[in-house]
Amino acid sequence: MSLRSTLAAAATVLSLALPVAASAADLKVAYVDLQRVLLEVDDGKAAKQRLQKWLEARQKEIDGEQETLRKEKDLLDKQASAMSEATRTQKATELQKKVMELAQKYERSRAEAANKERQEMEPIISRIDQVIATIAERDGLGFVLDKRDSGIVFALGQYDISNEVVRSYNNTKKPAPVAKDAPVKK
């Protein structure tokens, strides 16, 4: 490659790189800890309490059934020597079936809990996204990254807008919920 070609190529690369570098200098970026925001906004706290209460009730129910099965097994173990082989096998099979049903109930409960959490959190997350978009537009931010999922290893705290998102979310007036059985005006 001649000197002239090399200089022309270098000039072309430099002319393309300068606008990109200049626009990158104007680019504003911030980050937010969405998990922390979700736990700190008022709606998130209330949803977490509702979920916790629901989970505790489910766990108490399962623990009660588990205790009943434990007592039933202890009784079977005590009476096993006085039973015929057929009766003992039948009772053990019935007990095993109850244990399996309880395990299935526990798994259904876990799946239901995950679904319930998703239903509770979706509208809150949607509203958080709207608040972030409003802040980004207001402050001219080109990007707002999630602290946990973006691969950020280090960032200065001055670029963290989590506290502002929580404040804005909690200060924003929510639309009044509409009851399902509310009369419709005609």
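Analyst: Helix 4 spans residues 85-139, a run of 55 residues. From its first C-alpha to its last it reaches 79 Å, close to the 81 Å expected at 1.5 Å a residue; the expected span is 1.5 Å times one less than the number of residues. Helices here are DSSP runs of H or I with at least four residues, strands are runs of E with at least two, and both are numbered from the N terminus. The model is a predicted one, in which local features need pLDDT of at least 70 and side-chain atom pairs count only at pLDDT 80 or more, while totals for chains, interfaces and linings use all residues. Residues are numbered from 1 along each chain as its sequence is written, and side-chain values use heavy atoms, with hydrogens and water left out.

Helix 4 has a kink of about 35 degrees at M121, shortly before the proline P123. The bend at a residue is the angle between axes fitted to the seven residues ending there and the seven starting there. After helix 4 comes G140, with a positive phi near 65 degrees.

An unreviewed UniProt entry annotates residues 92-119 as "coiled-coil region"; UniProt positions are given in the numbering used here, feature names are shortened, and annotations may be inferred rather than shown by experiment. In the model, residues 92-119 are 100% helix and 0% strand, with their end C-alpha atoms 40 Å apart.

A113 lies in helix 4 and counts as buried because its relative accessible area is 15%. Buried means under 20% relative accessible area, exposed over 50%, and partly exposed in between, using a 1.4 Å probe and protein chains only. Leaving aside residues up to four places away in sequence, A113 touches W54 and L55, where contact means heavy atoms within 4.5 Å. A113 and L55 are 58 residues apart in sequence, yet their C-alpha atoms are 7.2 Å apart. E120, also part of helix 4, is buried because its relative accessibility is 19%.

Of the contacts with a separation of 6 or more, 86% are between residues 24 or more positions apart. Buried residues make up 20% of the 186 residues.
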